[in-house]
Amino acid sequence: MMSLERSPLLKCLQGMVCLLILVVTFKIVAIYVDYFPPNFSADFLIGRKPEFYGSYQWAFYTHILTGPFTLIFGMILLSDRFRIRFRRWHSRIGKAQVALILLFLVPSGFWMAFYAQSDFPVKLGFATLSVVTGLSAALGWWFAVNRDFHLHRLWMKRCYVLLCSAVVTRVVGGALLTSGVESEWTNALPAWINWIIPLVLFEIINRSTTSQSALPRQNKASLGTEAFRYVKSNKTGA
Ligand code: HEM
């Protein structure tokens, strides 16, 4: 039976997700005309003038300049084809990715979290997202250094899912806006559900694909053990 990991349906889904990430990243960057120089009548910057020229502008520009790179780099790094064909580039881009996330994106996101124009649960949601994203990048890096590539890939995938919360936020936000369901509670939700739900979905899909692909490996391993026992018992005449 074909494993779920190799199924054409999953490959097609992966392609569509990549396309969505690229389109949304492009749309995010297209809005930057309002940020260079800051236009305080633009959506995100409305009402932020008083705090903007303090430490916030440093966090803000660091964040918006590094964010799109982490989305593109992550997509390249998760490609098996790219990793197999360009091992060195995988390692170089991977180091750049970890540095961008740990030194720039996560600290700036954490700082900005406390300036979010919302209640404390929203601020806490963004701050928690920063911490878990930083942790998964650090763990992914740690396992690569220790040559545990299974765990390295797992944590880097988790990290990418968390980075994609930026994409999910825009997609869900856009959908809520067009459907007219926007309200007080829908404003608070993105800070939490836009990364928790994708993470839970990832864990479910990951578990089902790994349990399927582990099955043949397990069978092969037990077959090997059986064969070894058989040869040994024949030799000893047991
Ligand atoms: C996963 C880690 C991330 C965290 C913790 C984070 C956190 C934040 C926070 C707290 C804000 C301000 C929200 C507000 O005040 O309402 C923000 C805004 C922003 N973030 Fe992130 N972010 C992350 C990833 C990304 C990524 C990967 C991108 C890539 C494009 C990105 C792009 C932006 C942009 C452009 C803004 C400005 C608002 C806008 O134009 O929509 N962020 N982020």
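Biologist: What should I know before reading any numbers?

Modeller: It's a predicted model, so local features need pLDDT of at least 70 and side-chain atom pairs count only at pLDDT 80 or more, while totals for chains, interfaces and linings use all residues. Residues are numbered from 1 along each chain as its sequence is written.

Biologist: OK, how many helices and strands does the chain have?

Modeller: The chain has 9 helices and 0 strands. Helices (H or I, at least four residues) and strands (E, at least two) are DSSP runs, numbered from the N terminus.

Biologist: And where does UniProt put the transmembrane region feature?

Modeller: An unreviewed UniProt entry places "transmembrane region" at residues 12-33, 58-78, 98-118, 124-145, 157-177 and 189-205. Those positions are in the numbering used here, feature names are shortened, and annotations may be inferred rather than shown by experiment.

Biologist: What do residues 12-33 look like in the model?

Modeller: Residues 12-33 are 86% helix and 0% strand, with the end C-alpha atoms 34 Å apart. For residues 124-145 the span is 100% helix and 0% strand, and the end C-alpha atoms lie 31 Å apart.

Biologist: How much of the chain is buried?

Modeller: Of the 238 residues, 18% count as buried. Buried means 20 or more other C-beta atoms within 10 Å of the residue's own, exposed means 12 or fewer, and partly exposed is in between, with C-beta atoms placed from the backbone.

Biologist: Which residues have the most contacts inside the largest nonpolar core?

Modeller: That core has 26 residues, and C159, Y160, L162, L163 and C164 have the most contacts inside it. A nonpolar core here is a set of buried Ala, Val, Leu, Ile, Met, Phe, Trp, Tyr and Cys residues joined through C-beta atoms within 7 Å. The elements giving two or more residues to the core are α2 (49-77), α4 (87-113), α5 (120-145), α6 (149-163), α7 (165-179) and α9 (190-236). The largest share, 7 residues, comes from α6.

Biologist: What does Y160 touch?

Modeller: Not counting residues up to four places away in sequence, Y160 touches G74 and L78. A contact is two C-beta atoms, placed from the backbone, within 7 Å.

Biologist: Let's look at α2. Where does α2 bend?

Modeller: The α2 helix bends by about 75° at Y56. That's the angle between axes fitted to the seven residues ending there and the seven starting there. Buried in α2 are A59, F60, G67, T70, G74 and L77, and what covers the buried residues includes α4, α6 and α7.

Biologist: Switching to the ligand. Which residues are closest to the ligand?

Modeller: The closest are G67, G109, A116, F126 and A166, out of 24 residues that surround the ligand. A residue counts as near if its C-beta atom, placed from the backbone, lies within 6 Å. The largest share of that shell, 6 residues, comes from α2, and α1 (8-30), α2, α4, α5, α6 and α7 each supply at least two residues.

Biologist: What classes of residue are in the shell?

Modeller: The shell has 16 nonpolar, 8 polar and no charged residues. Ala, Val, Leu, Ile, Met, Phe, Trp, Tyr, Cys and Pro count as nonpolar, Asp, Glu, Lys and Arg as charged, and the others, Gly among them, as polar.

Biologist: Why does R147 count as exposed?

Modeller: Because R147 has 7 C-beta neighbours inside 10 Å.

Biologist: And what is G134 in contact with?

Modeller: Leaving aside neighbours within four places in sequence, G134 is in contact with I101, L102 and V106. G134 is in helix α5, and counts as partly exposed because it has 19 C-beta neighbours inside 10 Å.

Biologist: Last one: which residues does I93 contact?

Modeller: With neighbours within four places left out, I93 contacts F73, I76 and L77. I93 and F73 are 20 residues apart in sequence and 6.8 Å apart in space, C-alpha to C-alpha.
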